[in-house]
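Biologist: I have a model on the screen and want to know what backs its labels. Can we go through them?

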Amino acid sequence: MTEAADVLEVARFSTIPEAELAASFLQQQGVRAWLPDRDMATMNPDLLIAIGGVRVVTTTAQIVEARAIIARMRAGEFIDEADESGDWMIEHTPGKVGDLHDHEISGVMGRAKKAGAVVVVLAFVVFPVAGCVLTALGG
């Protein structure tokens, strides 16, 4: 296990996905990186602003390399030509996958979900309101 004194902050990010991507990219480059605030940020996302974002940390031995990689990443040095040209995107062809003009998507529990929604509305809206009205009228 790494000692707390041997861990330094590489960078902070405003969201967990950004921090996860940065940590994954650092790991791909051979730097051991992780997010010590992941659990807290996942359970209490409102606190992200209070703590200044999600930290990506590494060991003291790899801090210089990690910060240099993050600086290069933020400068856009690792952008691939396919990302800039949009070649990675799938073109939409009418009548193919994604064309849902007249179709309803229904899962395995399509009717059960609708019945469940009716029960929830009746139990938590209609019956309580009717009970209040009857109580008010009946005295």
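Modeller: Start with pLDDT, the predictor's confidence in each residue, from 0 to 100. This protein averages 80, and 75% of its residues score at least 70. The model is predicted: local features need pLDDT of at least 70, side-chain atom pairs 80 or more, while totals for chains, interfaces and linings use all residues. Residues are numbered from 1 along each chain as its sequence is written, and side-chain values use heavy atoms, without hydrogens or water.

Biologist: Which elements have the lowest and the highest mean pLDDT?

Modeller: Helix α5 (residues 81-85) is lowest at 57, and strand β2 (residues 33-34) is highest at 96. Helices (H or I, at least four residues) and strands (E, at least two) are DSSP runs, numbered from the N terminus.

Biologist: Why is the pair of F25 and F78 called edge-to-face?

Modeller: Rings of Phe, Tyr and Trp (its six-membered ring) pair if their centres lie within 6.5 Å; planes under 30 degrees apart are stacked, over 60 edge-to-face, the rest tilted. Here the centres are 4.8 Å apart and the planes at 65°, so the pair is edge-to-face. F25 sits in helix α1 (residues 16-28) and F78 in the loop between α4 (63-74) and α5, 53 residues apart.

Biologist: What makes F25 count as buried?

Modeller: Buried means under 20% relative accessible area, exposed over 50%, partly exposed in between (1.4 Å probe, protein chains only). F25 has 16%, so F25 is buried. F78 has 31%, so F78 is partly exposed.

Biologist: Which other residues of α1 are buried?

Modeller: Among them are I16, A19, A22, A23 and L26.
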